[in-house]
Amino acid sequence: MSQELIDAITDMREEDAVAITKKLLDGGASPVAVLDACREAMGIIGMRFETGESFMPELILAGEILAQISAVVKPRMQQGGEDKKLGKIVLGTVQGDIHDIAKDIVGFMLDINGFEVTDLGVDVAPEKFVETVKSTGAKIVGLSGFLTLAFDPMKHTVEALKAAGLTDVKVMIGGGQIDENIRQYTGADAYGKDAMAAVAIAKSWA
Amino acid sequence: MTAPAGFDRWTLLYTAKRRVVACATVIEEMLGWLPADVEHEVLDFGLHLRPEKLREALQARIDDQSDGADVLLLGYGLCSMAVVGLQARKAHLVIPRTDDCIAIFLGSCAAYKEQSKKEPGTYYLTKGWIEVGDTPFEEHKKMVEKYGEAKARRLTQILLKNYRRLAFINTGQYEIERFREYAQKTAESFDLRFEEIEGSPALVQKMVNGPWDDEFLVVEPGQMVTYTDFITPR
């Protein structure tokens, strides 16, 4: 794993991070090793955000850097043959909420960890989740929300999935101040504190 | 002060020794309604960004004040769950049952939900927030210092990309023209639709003078504030 790349990402040196990624890949490093470094870096950034050392701009910048690295890495992954996906996930920020910076990072992390992610964006109505789960056949749904106002729409979305007979679909929630009490309130199957937790939960269900 | 019908046991509380602990932006709206004998204490607005720190600060103030008052009025909402877990040893805690201070400025939870439904992508501004510097302008300025103009522009664009409207809540405070102008300029600079919304002191008035009806959480001494208290109809 490249410490140089991890440092570039956690120091928010955007151009460096992309240049190092290219250098590593050109030098024969595997795409998987690059993505491992991304994971490691995101873990550090997440921790700093949690402890108040970093703020929203750093999280956005990290998301941007990851997207650029991903654009470089992905074409080279496909050269190595079709990788088998772990499963399908429908992701979105629930109705009434428009925060998506952390949700996008979750989407990215799920994607590089082998999931096929359908991201519905923000302010997504429960019916839209139901419809997309049906059309994609996804067995996992990720509901995001930053505001406490988002807890009711999360509950409504879980209820809508059940009402539509999608009882084998598992729901994970995350964002803001979600804890076990909120998980129980919404009826979701699990909650995660950060993107790494979302990946761990999804893998345990895959 | 009058108690709501059926809430006789609170009559005593309404005339009890009250103290206020409020956020810097909320106290502005409360001051005009506070009787002279009700002392108040103000906490830094910036705490809202770190709910666990806000909880610690609030609990410390509550511990300090609990013995000297019958009722502590908290000028806070749920505030990213910061008030969950709070308890006062001897005093009652009275807290508006709102998600955050936007509902307090608009006068009710219902008014907030109506606004949110109308346009989820709303950036709210009040005189208080402008004064403490929680505005897109100030955020942008900080990013420029750290990352330079070009990168800051990009970050701000991403940060605001889902926002469509800037709603200036007019709470009838003095010098409102100056703040309205600031809000209008902010909307223009960041390409948001400007709207002015009338605030309402209804919730603040009720908080100070009662009745503490179902829009308020009244926590008995020794009891802990829970999230369930905020969502269960009373």
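This is a predicted model: local features need pLDDT of at least 70, side-chain atom pairs count only at pLDDT 80 or more; totals for chains, interfaces and linings use all residues.

Modeller: Start with β5(B) and strand β6 (residues 165–170) of chain B: they run parallel and are joined by 4 bridges. Two strands count as paired if DSSP finds at least two bridges between them. Helices (H or I, at least four residues) and strands (E, at least two) are DSSP runs, numbered from the N terminus.

Residues are numbered from 1 along each chain as its sequence is written, and chains are lettered from A and ligands numbered from 1 in the order in which they are written.

Now widen the view. The strand order is β5-β6-β7 (chain B), an open sheet of 3 strands with parallel pairing. Its edge strands, pairing on one side only, are β5 (122–125) and β7 (193–198) of chain B. From one strand to the next, the twist averages 25°. Strands of a sheet pair through backbone hydrogen bonds, either parallel or antiparallel.

A helix belongs to this picture too. Helix α9 (residues 176–189) of chain B lies across β5, β6 and β7 of chain B. Its direction is at about 175° to β6(B). Axes are lines fitted to C-alpha atoms, for helices over the stretch in contact, and angles run from 0 to 180 degrees between N-to-C directions. Two residues are in contact if their C-beta atoms, placed from the backbone, lie within 7 Å.

Chain B has other parallel strands to set beside these. Strand β1 (residues 18–23) of chain B is joined to strand β3 (residues 71–75) of chain B by 5 bridges, and the two run parallel. There, Arg19(B) has Leu72(B) as its bridge partner. β1(B) also pairs in the parallel sense with strand β2 (residues 39–43) of chain B, over 5 bridges. In that pairing, Ala22(B) stands opposite Val42(B). Between β1(B) and β2(B) the chain passes through helix α2 (residues 24–30) of chain B, a right-handed β-α-β crossover. Right-handed means that, with the strands pointing away from the viewer, the path from the first strand over the helix to the second runs clockwise.

How covered is β1(B)? Mostly: 6 of its 6 residues are buried. Buried means that 20 or more other C-beta atoms lie within 10 Å of the residue's own; exposed means 12 or fewer, and partly exposed is in between, with C-beta atoms placed from the backbone. In a regular strand the side chains alternate between the two faces of the sheet. In β1(B), Arg18(B), Val20(B) and Ala22(B) point one way. Arg19(B), Val21(B) and Cys23(B) point the other way.

Finally, chain B meets its partner. In the contact between them, 17 residues of chain A face 15 residues of chain B. On the chain A side, α4(A) gives the largest share, 4 residues. That side divides into 8 nonpolar, 6 polar and 3 charged residues. Here Ala, Val, Leu, Ile, Met, Phe, Trp, Tyr, Cys and Pro count as nonpolar, Asp, Glu, Lys and Arg as charged, and the others, Gly among them, as polar.
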